[in-house]
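Reader: I have a structure open and I'm new to this. Could you walk me through how to read a few of its features?

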Amino acid sequence: MSQGPRSGLAAVSSALLAMSRHLEVRDVLKTIVASARELLDAQYAALGVPDDHGGFAQFVVDGVSDQQWKAIGPLPRQHGILAAMLHEARPERLADVRKDPRFEGWPSAHPEMSDFLGLPIRDGDEVIGALFLANKNCPKPHGGCGFTEDDEELLSILAQHAAIALTNARLYERSRELTIAEERSRLAHELHDAVSQKLFSLRLTAQAAATLVDRDPSRAKGELQQVAALAAEAADELRAAVVELRPAALDEDGLVATLRTQIQVLDRAHTARVTFTSHGVRALPAAQEEALLRVAQEALHNALRHSGAEHVEVILRKRGQDTVLRVTDDGCGFDPTTVRRAGRHLGLVSMRDRASGVGGTLMVESAPGKGTTIEMEAPGG
């Protein structure tokens, strides 16, 4: 244990740094689990967050390959030793978990485990998780456990930080829910105002066309063409609103995976080639991820519907302490000096508002016949 305190401080520091970078809770949990396994030199480590239905809402493992994890099957239930830790809220240090009377077996693909160390994760009096390790890489005392009291003490430190991470995650999720509710309310108002105006204009233009049919067919034809244009605009407004209201996969998959999936769909749906690359971007706070996703969606919509581009490239990367989104197309471009017209037509005002709303910036480069580049820079990541 001569290196124990130093290793312990490094493991705790790693977990704290992960939390200070505003990573998603699953990334924080992975850091804690990996740190615990490395610190105590165990073959396996895991952290389970229980749900209210006898299972686990989250279950993070280290030391098990992805292929092996898939072969194991569904997440474990709250039974046996895991249930004891969750319900009795006490540490468990066993020489051979398989010989404990509470052991109830595991799936055929599950790795064999012997000595075992587990601790409940508590937030005050509430047990909010279980952190445990198995198969310490050391000579086992005859009939004894490879894990020591010192190991249990070090693991308890990480368990305390896990409690902090999980508590913060609950607050983070509540904040995200409020943000989503506020966004939906804002969209509802925008949808009502925009579509109401379009429909009002549509009705007036249709009435004008009706009065002109007999006495001025030529003008009536023009009014009917305007009706068709207004109807198309109203349909676009509705489609845009539906896209924004449709829940993105940000909560579960994060920004990078969500963008990659959406761009793959767009690449298949359009004749233009749409590509995506990401370099070194980690998870960001919810507001930044939401803003970057919406700006990407708006820029992609413009490029695919209005520019006539053959290739649209989306890049997400780190730049110092910030995250940069860059959407470039080889389409027809436009004159950026016509800010008022282009701003309305291409949603530039909305994109700038989204960028500034999270402390970021938006840059637009374009010229007739030279394509367009939209670049948003947001803090963090």
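Author: Gladly! Keep in mind that this is a predicted model. Let's start with helix H8, which covers residues 286-306. Its 21 residues reach 30 Å from the first C-alpha to the last, close to the 30 Å expected at 1.5 Å a residue.

Reader: Which residues touch the most other members of the largest nonpolar core?

Author: That core has 34 residues, and the ones touching the most other members are Leu-259, Val-312, Leu-316, Leu-325, Leu-362, Ile-374 and Met-376. Several elements each supply at least two residues, including helix H7 (250-269), strand E7 (311-319) and strand E10 (372-379). H8 gives the most, with nine residues.

Reader: What is Ile-374 in contact with?

Author: Leaving aside neighbours within four places in sequence, its contacts include Val-295, Ala-299, Leu-325, Met-351 and Leu-362. Apart from this core lies another, of 30 residues, among them Ala-45, Leu-154, Leu-158 and Ala-159.

Reader: And how many disulfides are there?

Author: First, the general idea: a disulfide is a covalent bond between the sulfur atoms of two cysteines. Here, looking for cysteine sulfur atoms within 2.5 Å, the count comes to zero.

Reader: Are Cys-138 and Cys-332 buried or partly exposed?

Author: Cys-138 has 28% relative accessibility, so it counts as partly exposed. Cys-332, at 40%, counts as partly exposed too.

How values were computed. Residues are numbered from 1 along each chain as its sequence is written. This is a predicted model: local features need pLDDT of at least 70, side-chain atom pairs count only at pLDDT 80 or more; totals for chains, interfaces and linings use all residues. Side-chain values use heavy atoms; hydrogens and water are left out. Helices (H or I, at least four residues) and strands (E, at least two) are DSSP runs, numbered from the N terminus. The expected span of a helix is 1.5 Å times one less than its number of residues. Buried means under 20% relative accessible area, exposed over 50%, partly exposed in between (1.4 Å probe, protein chains only). A nonpolar core is a set of buried Ala, Val, Leu, Ile, Met, Phe, Trp, Tyr and Cys residues joined through side-chain atoms within 4.5 Å. Contact means heavy atoms within 4.5 Å.
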